[in-house]
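Hello,

Here is the structure we talked about. Please open it alongside this note, then read on for what turned up.

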Amino acid sequence: MTHWDVNILFRTYRSRLLHFVQRRKLSWHMADDIVQDTFLRVVATPSLPDPQFAQSYLFRTAQNLVIDHFRRERILTFVQEPDKAFEFVADDAPSPEQIAWSRQELRHLQASLNALPKNLRTVFILARLEGKTYVEIGEQLGIPTQTAFSRMVRALKLVKEAMDKSEKN
């Protein structure tokens, strides 16, 4: 992880970024908000590029924020009453039908996993639920890495067949 001194960056690039953003036909206040958001993104980003790329990173981030701003503006022009714009935004929350379908899929998946032979189910759980590598699985179970991998392939094939079968029914 690269560490950037945001205070130094702010003092060095703030006014240049502000001019850069204002040239995109934005008010001083909007440009100032975008520049501040640019630095907030830098602070909030966990993995920043090497400090030698700080200038280009800041200007690219500011440019992307300007683009995002104009996209939002364009969406709002389609709405007669901008205060009601959120009523037209799609809701990302799943519908009751989607929730019911997902729960049914999970039940089928659980039944498919329960039906796997124990050696395949163990590898599947270690790989998919515990996030272990095949090397780690092989070491834990005392089997070669290739065997862990082939068991996972077999488990996935059986689970897919079971899920396809349940989907047809």
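At 25% relative accessibility, Tyr134 counts as partly exposed. Keep in mind throughout that this is a predicted model. Phe149 is partly exposed too, with a relative accessible area of 39%.

**Aromatic pairs**

How many aromatic pairs does the count come to? The count comes to 3. One of them joins Phe10 and Phe39. Their ring centres are 5.0 Å apart. Their planes meet at 70 degrees, so the pair is edge-to-face; the cut-off for that class is over 60 degrees. Phe10 lies in helix H1 (residues 6-22), and Phe39 lies in helix H2 (residues 28-44). The pair therefore ties together parts that are 29 residues apart in sequence. Phe10 is partly exposed, at 32% relative accessibility. Phe39 is buried, at 5%. The cut-off for buried is under 20%.

Now back to Tyr134 and Phe149. Their ring centres lie 5.3 Å apart, with the planes at 90 degrees, so this pair is edge-to-face as well. Tyr134 belongs to helix H6 (residues 134-141) and Phe149 to helix H7 (residues 145-168). The two residues are 15 apart, and the pair links distant parts of the chain.

One more ring deserves a look. The charged end of Arg24 sits over the ring of Phe20. The distance to the ring centre is 3.8 Å.

**The chain as a whole**

The chain has 7 helices and 0 strands. From the N terminus on, the order of elements reads α-α-α-α-α-α-α. The chain has 169 residues, and 26% of them count as buried. The accessible surface comes to about 12,400 Å². Carbon and sulfur atoms hold 55% of that surface. Now take the contacts with a separation of 6 or more: 61% of them are between residues 24 or more positions apart.

**Helix H5**

Helix H5 covers residues 118-129, which is 12 residues. From first C-alpha to last, helix H5 reaches 15 Å. That is close to the 16 Å expected at 1.5 Å a residue. Which residues of H5 are buried? They are Leu120, Val123, Phe124, Leu126 and Ala127. These buried residues pack against H4, H6 and H7. Just after H5, Gly131 takes a positive phi of about 70 degrees.

Asn119 is also in helix H5. Asn119 is partly exposed, at 35% relative accessibility. Its C-alpha atom is separated by 9.6 Å from that of Met152. Along the chain, Asn119 and Met152 are 33 residues apart.

**Ser112 in helix H4**

Ser112 is found in helix H4 (residues 96-115). Is Ser112 buried or exposed? Ser112 is buried, with a relative accessible area of 8%. A polar atom of the Ser112 side chain lies 2.8 Å from the backbone oxygen of His108. Leaving aside residues up to four places away in sequence, Ser112 touches Val159, Ala162 and Met163.

His69 has its place in helix H3 (residues 54-78). His69 counts as buried because its relative accessibility is 7%, and the cut-off is under 20%. What does His69 touch, not counting residues up to four places away in sequence? The partners are Leu26, Met30 and Ile34.

Tyr57 lies in helix H3 too. Tyr57 is partly exposed, with a relative accessible area of 23%. Again not counting residues up to four places away in sequence, Tyr57 touches Trp4, Val42, Thr45, Leu48 and Pro49. The C-alpha atoms of Tyr57 and Thr38 are separated by 9.6 Å. Those two residues are 19 apart along the chain.

**Where to look when you open the file**

- Tyr134 and Phe149, for the edge-to-face pair at 90 degrees.
- Arg24 over the ring of Phe20.
- Ser112 and the backbone oxygen of His108.
- His69, buried in helix H3, with Leu26, Met30 and Ile34 in contact.

Best wishes

Notes
Residues are numbered from 1 along each chain as its sequence is written. This is a predicted model: local features need pLDDT of at least 70, side-chain atom pairs count only at pLDDT 80 or more; totals for chains, interfaces and linings use all residues. Side-chain values use heavy atoms; hydrogens and water are left out. Helices (H or I, at least four residues) and strands (E, at least two) are DSSP runs, numbered from the N terminus. Buried means under 20% relative accessible area, exposed over 50%, partly exposed in between (1.4 Å probe, protein chains only). A polar contact is a pair of N or O atoms within 3.5 Å; within protein, one must be able to donate a hydrogen and the other to accept it, and residues adjacent in sequence count only if both atoms are side-chain atoms. Contact means heavy atoms within 4.5 Å. Rings of Phe, Tyr and Trp (its six-membered ring) pair if their centres lie within 6.5 Å; planes under 30 degrees apart count as stacked, over 60 as edge-to-face and the rest as tilted. A charge sits over a ring if NZ of Lys or CZ of Arg is within 6 Å of the ring centre and within 35 degrees of the ring normal. Accessible areas come from the Shrake-Rupley method with a 1.4 Å probe; for residues, only the protein chains shown count as cover. The expected span of a helix is 1.5 Å times one less than its number of residues.
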